[in-house]
Amino acid sequence: MANFDDILRHLGEFGRYQKWVYFLLCLPAIPHGVRMMINVYLLNVPDHRCAIPGYNNDTYAVQSKYHAELINKTIPFVERDGKLQYDQCHLYFSSPGSINRTIIGCNKWVYDKSEFQSTAATELNMVCKNELQPSNAQMIFMGGYFAGAFIFGALGDRFGRRKALFLSIVILFAGGLALNWANSYALFVVIRFINGASTAGMFTTCFVIGMEFVGPSKRVWAGIISSFFFTSGYLFLTGVAFFIRDWHTLELVMATPVAVFLIYWWIIPESPRWLLNVFRLEEAEIIIRHAARVNKVTIPDSAMQFEKEDMDAKLKMPKTSIVQLFTHRTLFFRTVVLFYSWMTVSLAYFGLSSNTDNLGAGSLHLNSMLACLVEYPANILCLLLLDRLGRKALLCAFMTLGGAACMLSVVTILYVDDANQWSTVTLSMIGKLCVAGAFSVVYVYSTEIFPTVVRSSALGLSSSFARIGGMVAPYFIDLGKEVEGKWGRALPLLLFGVLSVIAGLLDLALPETLNRDLPETIEDAKNFSRKNPYSRLKNDGQDGPESCSATRPLLSKDGTTSSPTVQM
């Protein structure tokens with residue numbers, strides 16, 4: 001069957017029509033960035049202590065000299081981070097008429113409101129005996145993303161990208177509004193699971209459609225530009241969160257704009273590449289002809305014809321399943337390496353993003369803003385270097401350099417004084433820059449390695465493995481809290497660094513995909529490491545194999561035959 005990349009050489013690899021569709025497909029990355037990073041604010045646990053029994057107007061901030069004396073009489077002091085601080089989970093208790101005091105746990109707390117008026121963690125009291133609940137909530141959200149990326153990927157391969165996209169948008173909008181009224185921990189995490197699944201479906205499906213609409217020489221732009229929209233959503237969130245310190249209002253403001261994307265059912269076309277692969281030829285041609293009119297080009301009839309023998313053979317082939325990626329040694333190895341890379345880059349990305357309040361310098365809002373802003377130069381580097389260095393070299397460089405920066409930050413934490421902890425923040429931001437760049441590269445790289453017949457499912461499963469990394473990232477940070485002193489802050493960064501370096505070294509074994517046609521079938525993917533005789537350099541002006549003269553008759557969609565057009 002005709003290769004869609006060859007059709008794109010007539011249509012234009014990134015013409016006016018594709019640019020417009022691609023722009024629309026990038027916009028959902030903005031709420032996706034919000035949804036992925038809003039946990040930094042929803043699940044933030046500020047400083048807190050037990051509420052003073054019988055003191056109804058108790059606050060974390062000291063109100064008066066009498067209030068300070070009452071706090072000192074009621075709340076024990078403990079040493080934390082080398083300083084004496086209020087015990088967060090215990091208070092003194094004495095029986096009436098007794099002068100002896102015992103230390104007991106409490107079930108009511110007051111919170112420092114200098115950063116936030118309220119968060120889901122403070123409202124639902126995710127502290128003390130429930131101190132793992134924020135990490136569990138984030139793990140459940142990532143578990144939803146894990147399930148959603150695979151489920152919506154499979155739906156996209158089976159029923160079409162467009163239907164999977166619209167379904168995910170509807171669920172995300174409803175789930176975002178519903179979260180605002182979650183009044184229990186169980187309801188909160190169930191809705192967060194649904195939101196994780198739906199945002200995975202929305203972003204992954206948009207990314208797949210966008211990549212399938214453009215030609216080989218423009219995939220870098222198509223793969224990376226969407227990352228700018230994701231970062232813009234992240235930046236928008238950090239700016240709004242600085243002014244809105246109540247989690248209910250913040251969640252409502254962030255969830256409402258998703259309603260705009262409901263109109264995509266009427267304006268986003270189905271992927272013609274997918275339509276051709278499931279032999280819905282008339283629908284594919286309608287979209288391609290419309291794109292040609294917008295691009296002001298003419299598609300020759302020969303480009304829209306299909307070879308009878310090839311079509312009959314493909315129709316008789318058994319249905320392709322993602323399981324076939326694991327039945328061939330080469331494909332199995334590549335798939336496992338990519339899955340590990342996705343998992344590690346997600347672990348480091350979300351770990352570094354969530355660890356901004358634990359760097360020893362700067363406020364949560366400032367460090368979150370810095371962690372967001374460094375993603376812009378990361379994406380710019382991807383645009384400048386991906387077509388020069390190649391996907392493999394740049395992914396390996398980002399992973400190893402980012403891992404090295406994280407490991408070096410351990411030295412600054414342990415041996416640099418508190419007044420110069422800006423060096424730790426700097427190294428952490430370098431690590432975040434590299435990891436953000438690696439995240440952008442691995443999306444492009446995976447899309448080009450996996451064949452069209454299972455691309456949506458494979459990318460969804462890859463993204464699911466990334467969520468494993470996101471699921472365990474909060475526990476890496478919690479592990480640091482269990483270690484006393486400076487090592488507690490250094491341990492998460494050390495783990496992020498080591499795992500990233502290992503991923504960078506493993507990626508050296510993957511094939512380069514620069515300037516090569518996307519593999520369409522499993523057989524194409526098996527042979528992808530070999531030199532591709534039909535690979536094109538950018539703008540080389542050569543025609544594809546279908547342009548060569550052939551001796552077999554061609555069969556058009558209406559069943560009539562014609563002689564092939566000979567092109568020189």
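Modeller: Gladly. This is a predicted model. Start at S368, which sits in helix α17, residues 364-373.

Biologist: What makes S368 count as buried?

Modeller: Its relative accessibility is 1%. Buried means under 20%. The value falls under that cut-off, so S368 counts as buried.

Biologist: How do you know that S368 has a polar contact with L364?

Modeller: A polar atom of the S368 side chain lies 2.8 Å from the backbone oxygen of L364. The limit for such a pair is 3.5 Å. The pair is therefore a polar contact.

Biologist: Which residues does S368 touch, not counting those up to four places away in sequence?

Modeller: V40, Y41, Y234, T238 and T356. Touching here means heavy atoms within 4.5 Å.

Biologist: Y234 also touches Y349, I see. What makes Y349 stand out in the largest nonpolar core?

Modeller: That core has 105 residues, and F188 and Y349 touch the most other members. Helix α20, residues 422-449, gives the largest share, 14 residues. Leaving aside neighbours within four places in sequence, Y349 is in contact with residues including M37, F230, K432 and F439.

Terms used:
Residues numbered from 1 in each chain as written. Predicted model: local features only at pLDDT ≥ 70, side-chain atom pairs only at ≥ 80, totals over all residues. Heavy atoms only, no water. Core = buried A, V, L, I, M, F, W, Y, C linked by side-chain atoms within 4.5 Å. Buried < 20%, exposed > 50% of the residue type's maximum accessible area, 1.4 Å probe, protein only. Helix = DSSP H or I, 4+ residues; strand = E, 2+ residues; numbered from the N terminus. Polar contact = N/O pair within 3.5 Å; in protein donor to acceptor, adjacent residues only side chain to side chain.
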